[in-house]
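Biologist: I'd like to learn how to read a few features of a protein model. Could you walk me through them?

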Amino acid sequence: MTMSASQDEPTAGNIKVTRADWINLALQTLISDGIESVRVLTLGQKLGVSRSSFYWYFEGRQDLLDQLLKHWQDTNTKAIVERARRPAETIIMGVMNVFECWADERLFDPRLDFAIREWARRSADVRRVIDRADEERLLAIRDMYRRHGYDGEDAFIRARVLYYMQIGYYVLDLKEPVEARVSHLAAYLRSFTGLEPSEADVAHFMRFIAAR
């Protein structure tokens, strides 16, 4: 999980790191060791720079933590919402658009999502951010179903089943290769839509898998 450094420039007198370097290391540390290990001094030592480099880019540790949450929202949440809102000829195509997030970790990083949820166990503020993000994701998926003719409650419950199943999949840390999972693609689509996918539908998603 990394962020672009295109807008960053090294600090004058310290050409070793950029703002993105700090954020990327903080993200890696959050994922591997948890939020308590995201400390300015520790990160600086790993980067081989002084604390002054950090304060060139950030007001303080909380500013860095806020940037981690923003990055998570701008990647994991944005990917789900964008694909749920993407125009689709059928609900099966719509669901497969959302499936792209589960099949490509460049779109949705499950380790980062899990790390943020672990962080929320220690912070009521982060818990509120997660609750808002979960609601945004769910409502986008619900609205996708509604656009394809499912009534209010049916759309809502189908969205919950699709979304909660996937989040539970990550929480359980199931070690199943993507290729093994997509071998059941037609059955998943039947479960989430109540419709029978065509061979062309399945082939469409398999091309996405092959092109990752």
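Biologist: Is Asp113 buried or exposed?

Modeller: We go by relative accessible area: buried means under 20%, exposed over 50%, and partly exposed is in between, using a 1.4 Å probe and protein chains only. Asp113 comes out at 2%, so Asp113 is buried. Keep in mind that this is a predicted model, where local features need pLDDT of at least 70, side-chain atom pairs count only at pLDDT 80 or more, and totals for chains, interfaces and linings use all residues. Residues are numbered from 1 along each chain as its sequence is written, and side-chain values use heavy atoms, with hydrogens and water left out.

Biologist: Which residue forms a salt bridge with Asp113?

Modeller: A salt bridge here is a side-chain nitrogen of Lys or Arg within 4 Å of a carboxyl oxygen of Asp or Glu. For Asp113 the partner is Arg137, with the closest N and O atoms 3.1 Å apart. The two come from distant parts of the chain, 24 residues apart: Asp113 sits in helix H6 (residues 110-120) and Arg137 in helix H7 (residues 124-147). Helices are DSSP runs (H or I, at least four residues), strands are E runs of at least two, and both are numbered from the N terminus.

Biologist: What is the relative accessible area of Arg137?

Modeller: It's 0%, so Arg137 is buried too. To see what surrounds Arg137, look at contacts, meaning heavy atoms within 4.5 Å. Leaving aside neighbours within four places in sequence, Arg137 touches several residues, including Trp72, Phe108, Arg117 and Tyr163. Also, Arg137 and Ala84 are 53 residues apart in sequence, yet their C-alpha atoms are 8.4 Å apart in space.

Biologist: How many salt bridges does the structure hold?

Modeller: There are 17. One of them joins the side chains of Glu100 and Arg86 at 3.5 Å, N to O. Glu100 lies in helix H5 (residues 91-103) and Arg86 in the loop between helix H4 (61-85) and H5, so this pair ties together parts 14 residues apart in sequence. Glu100 is buried at 9% relative accessibility, while Arg86 is partly exposed at 25%. Both belong to a network of salt bridges that also includes Glu82 and Arg83.

Biologist: Where do Arg158 and Asp154 lie?

Modeller: Both are in helix H8, four residues apart, which is about one turn of the helix. Asp154 is partly exposed, with a relative accessible area of 29%.

Biologist: Which residues form a nonpolar patch on the surface?

Modeller: Patches are built from residues with over 30% relative accessible area and no salt bridge; like charges are joined within 9 Å, and nonpolar side chains (Val, Leu, Ile, Met, Phe, Trp, Tyr) within 5 Å. The areas come from the Shrake-Rupley method with a 1.4 Å probe, and for residues only the protein chains shown count as cover. Here the patch is Phe156, Ile157 and Val161, with about 230 Å² of accessible area together. Phe156 is in helix H8 (residues 152-171) and is partly exposed at 33%.

Biologist: Which residues does UniProt list for "DNA-binding region"?

Modeller: UniProt positions use the numbering here, feature names are shortened, and annotations may be inferred rather than shown by experiment. The unreviewed entry lists residues 39-58 under that label. In the model, that span is 75% helix and 0% strand, with its end C-alpha atoms 13 Å apart.
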